[in-house]
Amino acid sequence: LGMMMSFMVLQFIGLFWFLSRSKSITILPGETGTMTLADYKGQPSLLALMGEWISILQGNNNFRAMGGIAPSGMILHGEPGTGKSYLMKCLAGSAGIAFHSLDGASFSAMFIGVPVLKTLAYVNKVRSLAREYGSAIGYIDEIDALGSARGGQQGGMAMGGFMGGSGGMGALTTLLSEIDGMGTERNFTVAKNVARRWLRLPPIHEGVVFWTGGTNRPEVLDKALTRPGRMEHLIKVDPPDAPGRKEIFAYYAAKVKHDDLDIDGLVSTTQGVTPAAIQSAIQRGAPRIANAAGRSTLSQMDIVTALMEGVVGIPNPIGDLPREQKYQLAVHEASHCVASKYLQPAKKLAFVSIIRRGAALGFMLPIDKEATYTQPLANLIADIRVSLAGDLGVKVVLGERWMGGAGDFTHVRQRVAYLDWHGVFGGISMEYGKPSKGAEERIDRWMKEQMDATEDLISTHKDEVVRLADALVERAELSGDEATKILEDTK
């Protein structure tokens with residue numbers, strides 16, 4: 001009986017050990033292929049900021065002589081693909097310290113206690129690296145999965161399992177305790193140093209741990225996680241500006257075989273594109289396209305096509321699309337182009353297509369000529385009219401309306417709600433998307449004015465719409481320059 005009980009206990013311990021293991025990434029100083037901040041392109045202000053941390057993580061004597069205490073951590077936030085995880089790996093490589101990362105979702109488990117075990121295993125691993133190498137960076141990707149505000153089903157809440165209930169919230173509490181230096185590993189080190197002093201052995205130094213994380217949703221993080229003394233620095237990682245994109249394009253273009261590239265042309269058509277999207281287009285998408293065409297070097301169009309796939313999806317043509325329906329699609333997209341040309345002088349046309357990609361049967365892609373961070377009300381109104389132009393252009397050219405502008409009208413509704421939310425129609429809406437008091441009639445009148453003005457615009461420039469639609473029926477896709485030339489020649 002005793003042996004059976006011991007076997008069951010060992011099985012239970014083994015099960016918990018297995019469940020507490022998580023896939024992680026560890027990068028040690030000096031490893032082959034280690035990235036540094038020299039590999040991080042397009043964000044000079046972030047690089048300058050990271051340089052401040054490098055000095056401290058390497059044990060800056062002047063900093064310590066002033067009585068400075070090493071910052072305990074920071075959280076990078078920004079949209080996916082902006083390079084948050086990559087930046088932390090580069091920081092570790094430049095500082096010459098260890099790096100250990102885990103995904104926030106890895107802390108979840110269906111059994112009570114396992115999330116806490118996973119947290120302790122993660123913390124102990126980072127601390128052991130810090131003791132061995134003097135400093136270490138502990139990074140949790142998608143930290144909102146673990147560090148969301150406690151309460152409800154957040155904060156690393158465990159799912160009910162065969163043990164019932166939950167307890168994953170303890171994972172966040174455990175992490176906070178460990179960041180404060182109050183965890184079991186630190187207490188055990190203190191006890192060992194007492195024994196080592198008695199044995200006249202040198203003490204064990206914990207090393208400096210820099211706790212970091214990345215998230216797309218900083219607003220949901222628990223305030224206790226981001227308070228001073230923990231991951232107190234919230235740093236925004238934005239998509240790169242034009243000079244930054246130019247640096248990124250040049251960096252990745254140097255890694256592939258290519259024909260002459262117009263880097264400035266690529267930069268001008270990629271506002272808001274992330275470094276990950278650029279890297280994927282140059283090193284994954286464009287080589288695939290060139291290889292399929294039997295070429296050994298990348299062309300400009302290969303990269304443009306790969307970038308387009310990332311924005312609107314991979315082409316999926318409809319083989320048996322009747323000509324009448326194809327012409328309707330062409331008129332719809334051509335009308336968008338014409339309206340954008342006359343209503344949005346700050347934008348230029350990048351691409352227009354009537355080839356199905358994803359759920360869209362066709363699309364027109366305008367881009368800002370210059371980066372836009374704030375804009376006048378007139379720009380939002382122009383955006384609404386351009387969205388209306390597709391449906392109204394079909395009415396003008398074909399003499400009847402077609403059912404094909406659902407996405408356009410969804411965009412219009414969102415824009416109108418945004419305008420009403422900002423008091424444009426004379427009231428202040430208390431609920432986003434719900435008209436403010438008395439605004440319904442004002443919105444209806446205003447919308448009729450915009451639709452009438454847009455229909456008049458398309459009627460005035462009907463020849464341009466028809467000429468561009470004919471070219472789309474013939475070729476299916478046109479670059480922005482090609483479409484613009486057709487419009488200019490018609491005019």
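Residues are numbered from 1 along each chain as its sequence is written, and side-chain values use heavy atoms, with hydrogens and water left out. Because the model is predicted, local features need pLDDT of at least 70 and side-chain atom pairs count only at pLDDT 80 or more, while totals for chains, interfaces and linings use all residues.

In soluble globular proteins, nonpolar side chains tend to be buried together. A nonpolar core is here a set of buried Ala, Val, Leu, Ile, Met, Phe, Trp, Tyr and Cys residues joined through side-chain atoms within 4.5 Å. Buried means under 20% relative accessible area, exposed over 50%, and partly exposed in between (1.4 Å probe, protein chains only). The largest nonpolar core has 33 residues, of which Val352, Val465, Leu468 and Leu478 touch the most other members. Two or more residues each are given to this core by helix H13 (323-343), strand E7 (347-353), helix H14 (377-398), helix H16 (439-460), helix H17 (462-475) and helix H18 (480-490). H13 provides the largest share, eight residues. Helices (H or I, at least four residues) and strands (E, at least two) are DSSP runs, numbered from the N terminus. Contact is defined as heavy atoms within 4.5 Å. When neighbours within four places in sequence are left aside, Val465 is in contact with Val331, Ala334, Ser335, Val338, Val397 and Ile458.

Helix H4 (residues 84-95) has 12 residues. From its first C-alpha to its last, H4 reaches 17 Å, close to the 16 Å expected at 1.5 Å a residue; the expected span is 1.5 Å times one less than the number of residues. Lys84, Leu87, Met88, Cys90, Leu91, Ala92 and Ala95 are the buried residues of H4. Their cover includes helix H2 (44-57) and strands E2 (73-77), E3 (98-103), E4 (135-141) and E5 (208-215). After H4 comes Gly96, with a positive phi near 70°.

Side chains of opposite charge can pair when their charged atoms come close. The structure holds 16 salt bridges, a salt bridge being a side-chain nitrogen of Lys or Arg within 4 Å of a carboxyl oxygen of Asp or Glu. One of them joins Asp368 and Lys347, with the closest N and O atoms 2.8 Å apart. This pair links distant parts of the chain, as Asp368 lies in strand E8 (residues 363-368) and Lys347 in strand E7, 21 residues apart. Lys347 is partly exposed, at 26% relative accessible area.

Arg415 forms a salt bridge with Asp383, and the closest N and O atoms are 2.8 Å apart. Arg415 lies in helix H15 (residues 406-421) and Asp383 in helix H14, so the pair ties together parts that are 32 residues apart in sequence. Arg415 is partly exposed, with a relative accessible area of 25%, whereas Asp383 is buried, with 15%.

A further salt bridge is formed by Asp391 and Arg401 (2.6 Å, N to O). Asp391 is in helix H14 and Arg401 in the loop between H14 and H15, 10 residues apart. Asp391 counts as buried at 5% relative accessibility, and Arg401 is partly exposed at 46%. Lys341, Glu464 and Glu488 are linked in a network of salt bridges.

Seven aromatic pairs were found in the whole structure. Rings of Phe, Tyr and Trp (its six-membered ring) pair if their centres lie within 6.5 Å; planes under 30 degrees apart count as stacked, over 60 as edge-to-face and the rest as tilted. The ring centres of Tyr251 and Tyr252 are 5.0 Å apart and their planes lie at 75°, so this pair is edge-to-face. Both Tyr251 and Tyr252 are buried.
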